[in-house]
Amino acid sequence: MILEEMRLCGKTAIVTGAAHGIGKACALALAEAGADVAVVDLKDEVFQTAEEIRKTGKHALAFQADITAEEEILAVVENVVAEWGKLDICFCNAGTFQDIPAEDMPLEEFKRVIEVNLTGAFITARAAGRSMIENHISGSIILTASMSGHIANIPQCQCAYNSSKAGVIMLGKSLAVEWARHGIRVNTVSPGYIRTWSDTPLKPEEVGQSNFEQWTPLRRFGQADELKALIVYLAGDASGFVTGSDYVIDGGYTAF
């Protein structure tokens, strides 16, 4: 019974930042759960993600688009609705990072990080929300925040990143309150140190050796696949009473 509640058959989804890492893993998971999935990224690898989705037996669309360019994201949503008739799920996952001491950071770099992580999330969520409202869809919007929206990480210097991700958490809560009357649910996920920068697994003797792993109670990096069950849950009917929430998946890092 519970497995049936988790199925996404008949639903359509958009996932941004889907060329690799969390976005790719979760796009594939949504397809495996039954959804047709449109994937968005600036990188060419987004087309490979779409091919892998098709191998699951579901339909896929791929777009190279910039989440900070409103007209490009509006076009993505319009194309998805034109092709599949509706949009049920939007996973606003794309983002960027910086590690520059605040006293040395050019203003343009601070603005760039805010523009991608916070403004880009708003542009994408708003485009999805408008489509859901216009088509009377009780949809689900999920935004990728970060444990860095809750804490200031060390030793890296990332004041712009931390600020942007804290903003994403509050953006999700604000949209959840505004759009509840339309039946649209909005939630955020806050990953900790997830190993997305390489597809090559660590050797057994390498696991737990970095400072970041040592400071994580589970003594390892997370894997992108370890977020996909939560995304499938939040995307579907099983989480029908869940909105305005933020889910921290960090191996216990922020429990200290």
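**Figure 1. The right-handed crossing of helices H5 and H6.** In this predicted model, helices H5 and H6 cross in a right-handed sense. H5 comprises residues 107-134 and H6 residues 159-179; their axes approach to within 8 Å and cross at roughly 15°. The two helices are therefore roughly parallel to each other. On the H5 side, the contact is made by Phe110, Val113, Ile114, Asn117, Leu118, Ala121, Phe122, Ala125, Arg126, Gly129 and Ile133. On the H6 side, the contributing residues are Cys159, Ala160, Tyr161, Ser163, Ser164, Lys165, Gly167, Val168, Leu171, Leu175 and Trp179. Sorted by class, the contact of H5 with H6 contains 15 nonpolar, five polar and two charged residues.

**Figure 2. Helix H4 against helix H5.** Helix H4, formed by residues 70-84, has an axis that comes within 9 Å of that of H5, and the two cross at roughly 35°. The crossing of H4 with H5 is right-handed. H4 contributes Glu70, Ile73, Leu74, Val77 and Val81 to the contact. From H5 come Ile123, Thr124, Arg126, Ala127, Ala128, Arg130 and Ser131. Seven nonpolar, two polar and three charged residues make up the contact of H4 with H5.

**Figure 3. The surroundings of Arg126.** Arg126 belongs to helix H5. Leaving aside residues up to four places away in sequence, Arg126 touches Glu70 and Trp179. Glu70 is one of the H4 residues in the contact with H5, and Trp179 is one of the H6 residues in the contact with H5. Arg126 itself is listed in the contact of H5 with H6 and also in the contact of H4 with H5. Tyr233 lies 107 residues from Arg126 along the chain, and the C-alpha atoms of the two residues are separated by 22 Å.

**Figure 4. The open sheet of seven strands.** The strands are arranged in the order E3-E2-E1-E4-E5-E6-E7, with parallel pairing. From one strand to the next, the twist averages 15°. Within the sheet, strand E1 (residues 12-16) pairs with strand E2 (residues 36-41) in the parallel sense over five bridges. In this pairing, Thr12 stands opposite Asp36 in E2.

**Figure 5. Helices H3 and H8 on the sheet.** Helix H3, residues 46-54, packs on the sheet and touches E2 and E3. The direction of H3 makes about 175° with that of E3. Helix H8, residues 228-235, also packs on the sheet, where it touches strand E4 (89-92), strand E5 (140-144), strand E6 (185-191) and E7. The direction of H8 makes about 170° with that of E6.

**Figure 6. The crossing of helices H2 and H8.** The axis of helix H2 (residues 21-32) comes within 9 Å of that of H8, with a crossing angle of roughly 50°. H2 and H8 are therefore oblique to each other. Their crossing is right-handed. Ala25, Cys26, Ala29 and Leu30 of H2 meet Lys228, Ile231, Val232 and Ala235 of H8. The residues of this contact are seven nonpolar and one charged, with no polar residue.

**Figure 7. The salt bridge between Asp237 and Lys11.** The structure has ten salt bridges in total. One of them joins Asp237 to Lys11, with the closest N and O atoms 3.6 Å apart. Asp237 is in the loop between H8 and E7, whereas Lys11 is in the loop between helix H1 (2-6) and E1, so the pair ties together parts that are 226 residues apart in sequence.

**Figure 8. Backbone features in two loops.** Ile154 and Pro155 are joined by a cis peptide bond, with omega about 0°. Pro155 is found in the loop between E5 and H6. His136 lies in the loop between H5 and E5. Although His136 is not a glycine, its phi is positive, at about 55°.

Key
Residues are numbered from 1 along each chain as its sequence is written. This is a predicted model: local features need pLDDT of at least 70, side-chain atom pairs count only at pLDDT 80 or more; totals for chains, interfaces and linings use all residues. Side-chain values use heavy atoms; hydrogens and water are left out. Axes are lines fitted to C-alpha atoms, for helices over the stretch in contact, and angles run from 0 to 180 degrees between N-to-C directions. Helices (H or I, at least four residues) and strands (E, at least two) are DSSP runs, numbered from the N terminus. Angles under 35 degrees count as roughly parallel, over 145 as roughly antiparallel, 65 to 115 as roughly perpendicular and the rest as oblique. A crossing is left-handed if the near helix is turned anticlockwise from the far one by less than a right angle, and right-handed if clockwise. Contact means heavy atoms within 4.5 Å. Ala, Val, Leu, Ile, Met, Phe, Trp, Tyr, Cys and Pro count as nonpolar, Asp, Glu, Lys and Arg as charged, and the others, Gly among them, as polar. Two strands pair if DSSP finds at least two bridges between them. A salt bridge is a side-chain nitrogen of Lys or Arg within 4 Å of a carboxyl oxygen of Asp or Glu.
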